[in-house]
Amino acid sequence: MSDPHDDDTIDALLRQQFDGPVPDDGFSARVMQRLPPRRRHVTWPLWAGILVGAGACWSSLLFSPLLRAGWQDWLAGELSMPAFVLLLAMAGMSALAGWWCVAEAGDR
Amino acid sequence: MADSAAEARIDQALVARTLLGNDQRAFEHLLRRHQGMVRAQLRRLLRGDGAMADDLAQEVFLLAWRKLDQFRGEARFSTWLYRIAYACFLQACRKRSWPVGDAGDGEVGQLPAPSPAMDLQLDLERAMQRLSTAEQAVLLHCVQLGLSHDEAAYVLAMPLGTVKTHAARGKAKLKTWLAAWRTTSEEQIS
């Protein structure tokens with residue numbers, strides 16, 4: 001059914017039939033005249049959001065006994081349950097940040 | 001291959017200059033490099049309507065200007081533009097209720113036997129118009145615009161398998177319809 005020689009013939013005929021690129025004839029100039037100004041990407045709402053979020057997180061955890069106990073145990077070199085939870089949360093956040101970096105690098 | 005890789009790098013650099021420096025001249029370079037093929041693509045899709053194709057091409061480049069930061073370099077810049085152009089074409093078809101449906105799906109007959117006055121290219125044009133719209137689009141992108149099956153799948157937003165099926169089916173139909181011309185065409189090409 002699909003004899004390669006025939007496929008080549010059809011391909012060649014189709015390429016012959018194609019006229020190729022259209023000459024510019026002022027097209028680009030017309031488009032350039034209609035180009036609207038580029039809107040700058042505003043990044044401050046993102047950073048403000050991150051700061052507010054981090055601040056809220058910190059203030060809610062600051063007075064939590066779990067965080068304080070975990071921190072103290074960790075500094076004392078004691079792997080208690082609060083220290084383990086704290087460690088686990090930090091490892092999770094690091095893994096999340098690492099995954100996000102790899103995903104961003106892959107997109108570029 | 002090396003040429004197309006170099007071309008892709010030039011496009012990437014121009015895109016980066018446009019985005020980082022808000023450089024309209026870099027975008028103008030991109031526009032001049034690609035307008036010819038995008039307009040040719042749209043002319044074929046619109047069956048030779050040059051004015052309409054140019055209107056759509058203008059829309060394509062304005063969209064590309066607005067959405068340039070969404071170009072991630074996963075595909076070549078030209079492929080990205082073809083994809084926008086094909087989406088604009090489909091949208092225009094829906095807006096103006098042009099038929100996008102199938103033209104001659106299923107019927108695999110043969111064109112009338114060629115008389116000396118009939119031209120092979122004219123017959124090919126007629127045969128192309130008898131193909132379904134999807135088959136026409138796949139052959140245009142894969143054969144005439146020189147995209148790979150993967151790239152055509154990206155432009156036409158179709159699964160890869162569907163693209164391959166349309167390409168094989170379209171060519172098979174053309175072979176059947178142009179069977180009477182086979183010897184003549186082989187002579188012309190050689």
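Predicted model: local features only at pLDDT ≥ 70, side-chain atom pairs only at ≥ 80, totals over all residues.
1. The buried residues of H4(B) are Phe77(B), Ser78(B), Trp80(B), Leu81(B), Tyr82(B), Ala85(B), Tyr86(B), Cys88(B) and Phe89(B). After this helix comes Ser97(B), which has a positive phi, near 45 degrees.

2. Which residues touch the most other members of the largest nonpolar core? In this core of 39 residues they are Leu42(B), Val60(B), Leu81(B), Ala85(B), Val138(B), Ala152(B) and Leu156(B). Two or more residues are given to the core by helix H2 (27-34) of chain A, and likewise by helix H1 (2-21), H2, H3, H4, H6 and H7 of chain B. H4(B) supplies the largest share, eight residues. Leaving aside residues up to four places away in sequence, Ala85(B) touches Val38(B), Gln41(B), Leu42(B) and Val60(B). A second, separate core has nine residues, including Leu13(A), Leu124(B), Leu131(B) and Leu174(B).

3. The axes of helix H7 (residues 149-156) of chain B and H8(B) come within 9 Å and cross at roughly 105 degrees, which means that H7(B) is roughly perpendicular to H8(B). On the H7(B) side the residues that meet H8(B) are His149(B), Asp150(B), Ala152(B), Ala153(B) and Leu156(B), while H8(B) brings Leu160(B), Val163(B) and Lys164(B). Sorted by kind, the residues of this contact are five nonpolar, one polar and two charged.

4. How many residues does each chain bring to the contact between chain A and chain B? Chain B brings 32 residues and chain A brings 29 residues. On the side of chain B that touches chain A, at least two residues come from each of helix H2 (24-45), helix H3 (50-66), helix H5 (120-130), helix H6 (133-144), helix H8 (160-177) and helix H9 (182-189). H2(B) gives the most to this side, with 10 residues. By kind, the side of chain B that touches chain A holds 13 nonpolar, nine polar and 10 charged residues.

Methods:
Residues numbered from 1 in each chain as written. Chains lettered and ligands numbered in written order. Contact = placed C-beta atoms within 7 Å. Helix = DSSP H or I, 4+ residues; strand = E, 2+ residues; numbered from the N terminus. Nonpolar A, V, L, I, M, F, W, Y, C, P; charged D, E, K, R; others polar. Axes fitted to C-alpha atoms, helices over the stretch in contact; angles between N-to-C directions. Parallel < 35°, antiparallel > 145°, perpendicular 65-115°, else oblique. Buried ≥ 20, exposed ≤ 12 C-beta atoms within 10 Å, placed from the backbone. Core = buried A, V, L, I, M, F, W, Y, C linked by C-beta atoms within 7 Å.
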